[in-house]
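Subject: Structure handover

Hello,

Here is the structure I promised to pass on. Please open it and keep it in view while you read my notes below.

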Amino acid sequence: MNQKIWLSSPHMGGNEQTYIKEAFDTNWIAPLGPNVTGFEKDLESYLKEDVHVAALSSGTAAIHLALVQLGVGLNDEVLCQSMTFSASANPIVYQGAKPLFIDSEEDTWNMCPIHLETAIKDRIAKGKTPKAIIIVHLYGMPARIDELLAIAKMYNIPVVEDAAEALGSTFKGRKCGTFGDFSILSFNGNKIITTSGGGAMVCNNIEKKQNTIFLATQARDQATHYQHSQIGYNYRMSNISAGIGRGQMEILDKHINLRREMNSFYKELFSDVEGVDVFTEPNEYSYSNHWLSCIVVNENAPFTKEELFNKMLEANIETRPLWKPMHLQPVFKNAPFYGTNISETLFEKGLCLPSGSNLTEQDRDRISKVVKSLK
């Protein structure tokens, strides 16, 4: 059996060990320390736009703390992209609020501005203005930011930008993760860079960063004893994990380029296959890190999505269906949905292909052989 080709596995640059060793040597084995501070500064320098970053235990924790700071509470309503991973939506429920799911549009697969505005008007007509909007950059593809932010501004609804999959992606030259009232990043094991588990909150002022850290460290008041005037959380990133992140930042752009090369590989591989569309940028304003390269297999293709999935599985190559939309998930079956069937169709026809920055020429040859066997 050939060695497994993973969808998106961690890819170390080599210098991570230096930062980890330094943490051990200096006994900074805690959710604070030089690596945490250094990693935050590295991210701030990379993202630019005068942002302020707080390193946290996960991207999910960052979304949760964003909603806390926006005052989302019991029975409030939050608009959320339907086609996403459940971590985008779960924190809404943590707060006792209700998710309202918005369909995708065809070009970016992200939140449709038309359906977003329809939902806002409908909820206002029903007597309740949504408390926040959670926009996602799916698979690293920038959403239609200009239109979505204009709608949010028109109705005075704050935006949480879920850039968990989009570190290094840009819209009109500006980095994803810098557009929201709060923006979030993820460094899970399968992301562009990893800290094993981890995430970050990106804030547009220092006060938001300071409050994020306060809430993430159990909301301990300034006192010589342990005193708490509000509920806090244990969400801070460890100094060890941050050390991995500092090493990963050194090779971030290189790894983005390697992921983009994988997307180009798939465009070439499927260029003569009728009925298969490779997900790529719809215009010159969008630059995707292509965290995952995905395809849509249409009815006129020489094979079905399932046939390709099974052939890859036989060859010990991991592929996965696209995210199942949240409004189709059993746990959210009673949540309102605004849209048609774009996200449902994408889920039915779409497949994520191996996209890691550590894939070799031999790996690409194995993938090519499977595809060519089905042409």
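In which loop does Phe85 lie? Phe85 sits in the loop between β2 (77–81) and α4 (90–94). Helices (H or I, at least four residues) and strands (E, at least two) are DSSP runs, numbered from the N terminus.

First, the ground rules. This is a predicted model: local features need pLDDT of at least 70, side-chain atom pairs count only at pLDDT 80 or more, and totals for chains, interfaces and linings use all residues. Residues are numbered from 1 along each chain as its sequence is written, and side-chain values use heavy atoms, with hydrogens and water left out.

**Phe85 and the rings**

Phe85 is partly exposed, with a relative accessible area of 42%. On this scale, buried means under 20% relative accessible area, exposed means over 50%, and partly exposed is in between (1.4 Å probe, protein chains only). Setting aside neighbours within four places in sequence, Phe85 is in contact with Trp323 and Met326. Contact means heavy atoms within 4.5 Å.

Rings of Phe, Tyr and Trp (its six-membered ring) pair if their centres lie within 6.5 Å; planes under 30 degrees apart count as stacked, over 60 as edge-to-face and the rest as tilted. The whole structure holds eleven aromatic pairs.

Two charges lie over ring faces. Arg174 is over Phe179, at 4.6 Å from the ring centre. Lys305 is over Phe347, at 5.6 Å from the ring centre. The test is that NZ of Lys or CZ of Arg is within 6 Å of the ring centre and within 35 degrees of the ring normal.

**The cores**

A nonpolar core is a set of buried Ala, Val, Leu, Ile, Met, Phe, Trp, Tyr and Cys residues joined through side-chain atoms within 4.5 Å. The largest one has 38 residues. Trp109, Tyr139, Leu185 and Phe187 have the most contacts inside it. Several elements each supply at least two of its residues, among them β1 (52–56), β9 (199–203) and α11 (342–349). Which element gives the largest share of this core? That is α2, with five residues.

Look at Phe187 next. Beyond its neighbours within four places in sequence, its contacts include Phe39, Leu43, Leu167 and Met237. A second, separate core has 31 residues, including Ala97, Ile184, Tyr235 and Met326.

**Salt bridges**

A salt bridge is a side-chain nitrogen of Lys or Arg within 4 Å of a carboxyl oxygen of Asp or Glu. The count comes to 18.

- Glu40 pairs with Arg236, with the closest N and O atoms 2.7 Å apart. Glu40 is in helix α2 and Arg236 is in the loop between α7 (206–216) and α8, 196 residues apart. Glu40 counts as buried because its relative accessibility is 4%. Arg236 is buried too, at 13%.
- Arg123 pairs with Glu77, with the closest N and O atoms 2.8 Å apart. Arg123 is in helix α5 (residues 113–125), and Glu77 is in strand β2. Both are buried.
- Glu281 pairs with Arg260, with the closest N and O atoms 2.9 Å apart. Glu281 is buried, at 19%, whereas Arg260 is partly exposed, at 23%.

Shared partners also join Glu40, Glu44, Lys209 and Arg236 into one salt-bridge network.

Best wishes
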